[in-house]
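Hi,

Here is the structure I said I would pass on to you. Please have a look at it first, and then read on for what I found.

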Amino acid sequence: MKIDYIEFASPKLEDTQSFFAKAFGWTFVDYGPDYRDIQGAGTGGGIERVEDLRPPLVVLRTDDLEGAFAQVKAAGATITREIYGFPGGRRFEFTEPGGTAMAVWSDPE
């Protein structure tokens, strides 16, 4: 699996979007009032509106989500969110033994 996406969280989505645009020249695709897809950052990324700030989420991509789930779990991850669907695909979320929050996604079935 490879790192495919970095998901930022912000309680001030519009302010974060404006900063990224001014500081880095990134553009955005709006996916509703609470999510922006980042364009032009060199790798995929997004900003999610959240109430409480959290560190960026590193998202990996796979063609076999169930296999990746089993592999990550067997390697010692703590699953924090079971496989679920979202617009554009499916994913699960976990923390690795050192505490870093991560996710793995795949295209929809």
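Ser106 makes contact with Thr62, Leu65, Gly88, Gly89 and Arg90, leaving aside residues up to four places away in sequence. Please keep in mind that this is a predicted model. Ser106 belongs to strand E8, which covers residues 101–106. Its relative accessible area is 4%, so Ser106 counts as buried, the cut-off being under 20%.

Now to the sheet around that strand. Eight strands make up an open sheet with mixed pairing, and their order is E2-E3-E4-E1-E5-E8-E7-E6. At the edges sit strand E2 (27–30) and strand E6 (78–86), each of which pairs on one side only. On average, neighbouring strands of this sheet are turned by 25 degrees against each other, direction ignored.

Helix H1 (residues 13–24) lies across E1, E2, strand E3 (35–39) and strand E4 (44–49), and H1 runs at about 150 degrees to E4. Helix H2 (residues 65–74) also packs on the sheet, where H2 touches E6, strand E7 (89–95) and E8. The direction of H2 makes about 5 degrees with that of E7.

Best wishes

Terms used. Residues numbered from 1 in each chain as written. Predicted model: local features only at pLDDT ≥ 70, side-chain atom pairs only at ≥ 80, totals over all residues. Heavy atoms only, no water. Helix = DSSP H or I, 4+ residues; strand = E, 2+ residues; numbered from the N terminus. Buried < 20%, exposed > 50% of the residue type's maximum accessible area, 1.4 Å probe, protein only. Contact = heavy atoms within 4.5 Å. Pairing = 2+ DSSP bridges. Axes fitted to C-alpha atoms, helices over the stretch in contact; angles between N-to-C directions.
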